[in-house]
Amino acid sequence: MYIQQLFGLGARYGVHRTVSVQFPRGLASATTPSTPIGLQRKQRAPEDTHTMRRRLLYQMRKRGILETDLLLSTFAAQHLSHLSRDEMSDLDVLLSNIDWDIFYWATNKTQPPREVSDMPVFQKLKEHAAKRGSTIVRMPDLD
C-alpha cells in the first residue's frame, strides 16, 4: 500500500515535495491470529547479550505513546537485567508490534494473539501491568 504525503511550506511559498511510503505487510492484530506477529523487518546482525539488552532498553523507553512508554520502561527497570537471552528475543519480537496493541494486551483490554500470550516474558509484563495499579508513574532514570 502506498500513501502520498505532501510536505513543504505549502502553496503560499510554492514549495511542495511528494514522498511515497511503503508499509510492511503482515501487521499483526488480535483479529488475524494466523498472520505473523509484529512488523516484518530485516534480519538483524548477531549481537552480544549486553548490546541486545541496551537496544531493548532504548526501544522500551522511546515508543511514542506515553502509556506504553511508562509501562515498558518501568518493566525494563525492574526485569530487563534478569531476563534470559531467549526471553529478550521474545521481547524483541513483542516490541515489533504496535504500541497500543502491546498496551491493550498487557492490561487485558484486548485478547493477544496466541503467539504473544504463550511468551513467558509477556506473562511477566502482564503481571507487572497488574501490579502498577493506580499509582503515579514516571519514567525511570537511566543508569
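**Before you start**

This is a predicted model, in which local features need pLDDT of at least 70 and side-chain atom pairs count only at pLDDT 80 or more, while totals for chains, interfaces and linings use all residues. Residues are numbered from 1 along each chain as its sequence is written, and side-chain values use heavy atoms, with hydrogens and water left out.

Begin with a cartoon view of the protein chain. You will find six helices and two strands, arranged along the sequence as β-β-α-α-α-α-α-α. Helices here are DSSP runs of H or I with at least four residues, strands are runs of E with at least two, and both are numbered from the N terminus. Of the 143 residues, 32% count as buried. Buried means under 20% relative accessible area, exposed means over 50%, and partly exposed lies in between (1.4 Å probe, protein chains only).

**Stop 1: H1 against H3**

Select residues 49-61 (helix H1) and 85-95 (helix H3). Their axes are 11 Å apart and meet at an angle of about 35°; axes are lines fitted to C-alpha atoms, for helices over the stretch in contact, and angles run from 0 to 180 degrees between N-to-C directions. The crossing of H1 past H3 is left-handed, a term used if the near helix is turned anticlockwise from the far one by less than a right angle.

Now show side chains. On H1, the contact uses Thr49, Met52, Arg53, Arg55, Leu56, Gln59 and Met60; on H3, look for Arg85, Met88, Ser89, Leu91, Asp92 and Leu95. Contact means heavy atoms within 4.5 Å. Sorted by class, the residues are six nonpolar, three polar and four charged. Ala, Val, Leu, Ile, Met, Phe, Trp, Tyr, Cys and Pro count as nonpolar, Asp, Glu, Lys and Arg as charged, and the others, Gly among them, as polar.

**Stop 2: the salt bridges**

A salt bridge is a side-chain nitrogen of Lys or Arg within 4 Å of a carboxyl oxygen of Asp or Glu; the whole structure has four of them.

Next, select Arg63 and Asp99, whose closest N and O atoms are 2.8 Å apart in another salt bridge. Arg63 lies in the loop between H1 and helix H2 (66-79) and Asp99 in helix H4 (residues 99-106), so this pair ties together parts that are 36 residues apart in sequence. Arg63 counts as buried at 18% relative accessibility, and Asp99 at 9%.

Setting aside residues up to four places away in sequence, Thr68 touches Arg63, Asp99, Ile102 and Phe103.

Move on to Glu87 and Lys124, which meet in a salt bridge of 2.8 Å, N to O. Glu87 is in helix H3 and Lys124 in helix H6 (residues 120-132), so the pair joins parts 37 residues apart in sequence. Glu87 is buried at 13% relative accessible area, whereas Lys124 is partly exposed at 29%.

**Stop 3: the nonpolar core**

Which residues have the most contacts inside the largest nonpolar core? Select Leu56, Met60, Leu80, Leu91, Leu94, Phe122 and Leu125, out of 24 residues in that core. H1, H2, H3, H4 and H6 each supply at least two of its residues. A nonpolar core is a set of buried Ala, Val, Leu, Ile, Met, Phe, Trp, Tyr and Cys residues joined through side-chain atoms within 4.5 Å.

Center on Phe122. Not counting residues up to four places away in sequence, Phe122 touches Leu94, Trp105, Ala106, Pro112, Val116 and Ser117.

**Stop 4**

Finish in the loop between H4 and helix H5 (114-117), where Thr110 sits. Thr110 is partly exposed, at 37% relative accessible area, and touches Tyr104 and Trp105, again leaving out residues up to four places away in sequence.

Asn108 is in this loop between H4 and H5 too. Its phi is near 60°, a positive value in a residue other than glycine, and Asn108 is exposed, with 55% relative accessible area.
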